[in-house]
Amino acid sequence: MKKRKIVAAGMFALMVCMTGCGSSKSDMALNEYTASAGSDYGVYTDYADNAMEYDYGEEMSQETVGTADGQAEQVGENAQSTERKLIKTVNLDVETEDFEGVLAQVEQKVSELGGYVEDSSLNQGSIYSSYHNRNADYTIRIPEQHLDEFVQIVEEGTNVTYKQNSVEDITLSYVDLKSHKEALETEQTRLLELLEQAEDMSDILAIENELANVRYQIDSMESQLRTYDNQVDYATVHLYISEVERLTEIPDESVWSRIATGFSNSIYNIGVGLREAGIWVVINLPYLVLWGIVIFIVVLIIRKIRKKRRMKKQKKMEALAAQQTSSDK
């Protein structure tokens, strides 16, 4: 019985050490048992009762919360001491009368300022219009320190119809991710040390499995950090360029100015509409002639059919009249 009590006490003490390590109450209970185990096995019962009454889960939860709070405070302090990580984005809609010249200027300035075109599309317009009506859509990455310079160059060479600036602060997310990565690297070092000391094959496999998981998380976080760095170092400019015959006028706030501008635009739009209608007629003239011939033939056929029906009906009425006259005689 004494042997069983000693073994049970040892196992229970080991379990307490694994689940509540660092707990002051567990250490006191364990010290109490160690001091008295050799002479009085009745202490084990008191220790077990006290241990069962003590809520180790609650203590661990409190320690976990305290650790999380400490990490959050540490992240906040690191964020304050770290240079702000800002993702800048600019949306620009511009119009120009010199479409090809503006495209060449934009691509040249992007190259000169050390940026690059991430995505682009070009629409050559419609043949049904008197002017090309072309447009281009760019997604441009510009070094953050040259963003204002590039935007100013675009504004000076075009007529800006829409502009939007946005800034996203990712400092806290960046610092938190970096701290998490450093913690995983520390864990990776400890796992490597354990792997060198392990002798049992099952332990080696378990450590290697955990090590692979940690390395995967580290690689994923390094990739995310590189993405963050690229977004911070290179601002994004969404640039839409449209070709026009006449630049859009931005009216003043006065009533008369708005009336004059609106009336002028209406006259201009009517003229453009009539011109475009004439161009459409000329372009589609072959189709119009073809459809005119088809419609003319269909009308002739319908008129001929109707004429035959009228003649047939007239002959029938004349026959009925003649029959009626002969019966009267």
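Which strands does helix 5 lie across? In this predicted model, local features require pLDDT of at least 70 and side-chain atom pairs count only at pLDDT 80 or more, whereas totals for chains, interfaces and linings use all residues. Residues are numbered from 1 along each chain as its sequence is written, and side-chain values use heavy atoms, with hydrogens and water left out.

Helix 5 lies across strand 1, strand 2, strand 3 and strand 5, and runs at about 15 degrees to strand 3. Helices (H or I, at least four residues) and strands (E, at least two) are DSSP runs, numbered from the N terminus; axes are lines fitted to C-alpha atoms, for helices over the stretch in contact (heavy atoms within 4.5 Å), and angles run from 0 to 180 degrees between N-to-C directions.

An open sheet of 5 strands shows the order 2-3-5-1-4 with mixed pairing, where two strands pair if DSSP finds at least two bridges between them. Its edge strands, strand 2 (116–123) and strand 4, each pair on one side only. Strand 2 and strand 3 are joined in the antiparallel sense over 7 bridges, and serine 120 stands opposite tyrosine 138 in strand 3.

In helix 6 (residues 147–157), Leu147, Phe150, Val151, Ile153 and Val154 are buried (under 20% relative accessible area; exposed is over 50%, partly exposed in between; 1.4 Å probe, protein chains only). Seen down the axis of helix 6, these buried residues fall within an arc of 155 degrees (taken from the directions from the helix axis to the C-beta atoms), so they line one face of the helix. On the other side of helix 6, Asp148 and Glu156 are exposed.
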